[in-house]
Amino acid sequence: MIPGLGATQQVGVLASLIVALVLSSLVGGERELRGKSAGLRTEAIVGTTAALMMIVGKYGFVDIVATGDVRFDPSRVAAQIVSGVSFLGAGLILTKSRGVIGLTTAATIWETAGIGMAAGAGLWVLAVAATVIHFIVVYALPLLARLIGDATRWSGRKLSRNRDI
């Protein structure tokens with residue numbers, strides 16, 4: 001039970017966590033189907049945990065702040081989530097002789113944290129929109145990249161390509 005919140009608000013907070021789980025699981029499912037290192041479980045954990053941290057940052061200190069003696073900035077929690085997830089994502093990026101691998105996987109970890117943060121903050125429409133954008137990026141943009149590649153092949157120009165992007 002969260003101090004200072006009514007039953008309806010408590011259900012809303014729990015719903016925020018569930019929204020984060022569902023949306024980040026969708027992203028993770030897509031990564032799992034493609035056989036990437038960060039799949040369903042990883043993305044679901046990152047997104048749900050980011051939402052949990054946002055909820056704790058938003059409501060976890062209500063009883064302390066209520067005394068009037070403490071000033072509190074909940075945006076500091078969001079900033080620390082970004083820092084921590086960035087560190088996690090950096091560990092997924094590998095450099096090989098021909099280029100960089102894992103960059104998109106690292107980006108999806110960061111993205112899923114953002115989706116979870118939005119859901120945890122109660123910004124469900126934003127979280128859903130970011131999830132939809134993920135699927136546009138991973139399914140529609142490669143088609144566009146292929147079209148651009150075909151067009152450059154016919155024009156005689158060369159473009160460098162990173163296979164993970």
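This is a predicted model: local features need pLDDT of at least 70, side-chain atom pairs count only at pLDDT 80 or more; totals for chains, interfaces and linings use all residues.
Residues are numbered from 1 along each chain as its sequence is written, and side-chain values use heavy atoms, with hydrogens and water left out.

Let me begin with the overall picture: the protein has six helices and two strands, where helices (H or I, at least four residues) and strands (E, at least two) are DSSP runs numbered from the N terminus. Along the sequence they follow the pattern α-α-α-α-β-β-α-α. Of the 165 residues, 30% are buried, and here buried means under 20% relative accessible area, exposed means over 50%, and partly exposed lies in between, with a 1.4 Å probe and protein chains only.

Now to the rings, where a search of the whole structure finds one aromatic pair. The ring centres of Phe135 and Tyr139 are 6.3 Å apart and their planes lie at 5 degrees, so the pair is stacked; rings of Phe, Tyr and Trp (its six-membered ring) pair if their centres lie within 6.5 Å, and planes under 30 degrees apart count as stacked, over 60 as edge-to-face and the rest as tilted. Both residues sit in helix 6 (residues 124-155), four residues apart, which means about one helical turn separates them. Phe135 is partly exposed at 25% relative accessible area, and Tyr139 is also partly exposed, at 42%.
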